[in-house]
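I opened my notebook to look up a few spots in this structure. Here are my entries, in the order I made them.

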Amino acid sequence: WLWEQLCVSSSLLTRCMLCPQAKYLAQIIVMGVQVVGRAFARALRQEFAASRAAADARGRTGHRSAAASNLSGLSLQEAQQILNVSKLSPEEVQKNYEHLFKVNDKSVGGSFYLQSKVVRAKERLDEEFRIQAQEDREKGRTPHT
């Protein structure tokens with residue numbers, strides 16, 4: 001139908017009659033644009049869904065933890081991945097931090113960028129430990145009924 005719309009003018013109409021391959025070429029182009037458009041729309045929907053899921057996950061972790069993620073620029077999960085810790089254990093975090101900091105030292109051929117990521121991840125996890133300790137203290141102060 002698009003090709004017929006394009007061929008309304010007399011000059012295009014005569015070209016359509018003279019070159020039937022052009023019609024097929026235009027159909028292939030239109031179909032390609034439709035396929036790419038659908039793929040783009042699907043990718044956009046998936047990105048919105050992932051963004052919504054991430055926002056929901058931040059909401060579940062608590063307001064203080066979400067605020068700490070916003071301030072540091074790293075989520076709790078990202079910080080754990082950078083320092084390669086599965087559970088929040090201060091000893092394990094410190095051990096992995098020291099190792100990764102030394103390995104990425106510029107004087108031994110490491111990367112300053114990676115070293116700074118390690119430092120930011122440690123700061124984020126330290127902030128999470130502080131938040132957890134504060135929440136534990138607040139829970140201990142609340143009267144039980």
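Before anything else I wrote down the terms for cover: buried means under 20% relative accessible area, exposed means over 50%, and partly exposed is in between (1.4 Å probe, protein chains only). I'm working with a predicted model, where local features need pLDDT of at least 70, side-chain atom pairs count only at pLDDT 80 or more, and totals for chains, interfaces and linings use all residues. Residues are numbered from 1 along each chain as its sequence is written, and side-chain values use heavy atoms, with hydrogens and water left out.

**Entry: E128.** I found E128 in helix α7 (residues 112-141). Helices here are DSSP runs of H or I with at least four residues, numbered from the N terminus. E128 counts as buried because its relative accessibility is 6%. I also checked E128 against L88: they are 40 residues apart along the chain, and their C-alpha atoms are separated by 8.8 Å.

**Entry: the aromatic pair.** How many aromatic pairs does a search of the whole structure find? I got 1. It is Y97 with F101, tilted, at 5.6 Å centre to centre and 40° between the planes. For rings of Phe, Tyr and Trp (its six-membered ring), a pair needs centres within 6.5 Å; planes under 30 degrees apart are stacked, over 60 edge-to-face, and the rest tilted. Both residues lie in helix α6 (residues 90-103), 4 residues apart, which is about one turn of the helix. Y97 is buried at 18% relative accessible area, while F101 is partly exposed at 31%.

I looked at the face of Y97 too, and K122 lies over it, 5.5 Å from the ring centre. To count, NZ of Lys or CZ of Arg must be within 6 Å of the ring centre and within 35 degrees of the ring normal.

**Entry: N96.** N96 is in helix α6 as well. Is N96 buried or exposed? It counts as buried, because its relative accessibility is 14%. A polar atom of the N96 side chain lies 2.8 Å from the backbone oxygen of L83.

**Entry: N84.** I found N84 in the loop between α5 (76-83) and α6. Its phi is positive, about 55°, although N84 is not a glycine. I noted that most residues other than glycine have a negative phi. N84 counts as exposed, because its relative accessibility is 63%.

**Entry: V33.** Last, I looked up V33, which lies in helix α3 (residues 20-60). V33 counts as exposed, at 55% relative accessibility.

Definitions and conventions: Helices (H or I, at least four residues) and strands (E, at least two) are DSSP runs, numbered from the N terminus. A polar contact is a pair of N or O atoms within 3.5 Å; within protein, one must be able to donate a hydrogen and the other to accept it, and residues adjacent in sequence count only if both atoms are side-chain atoms.
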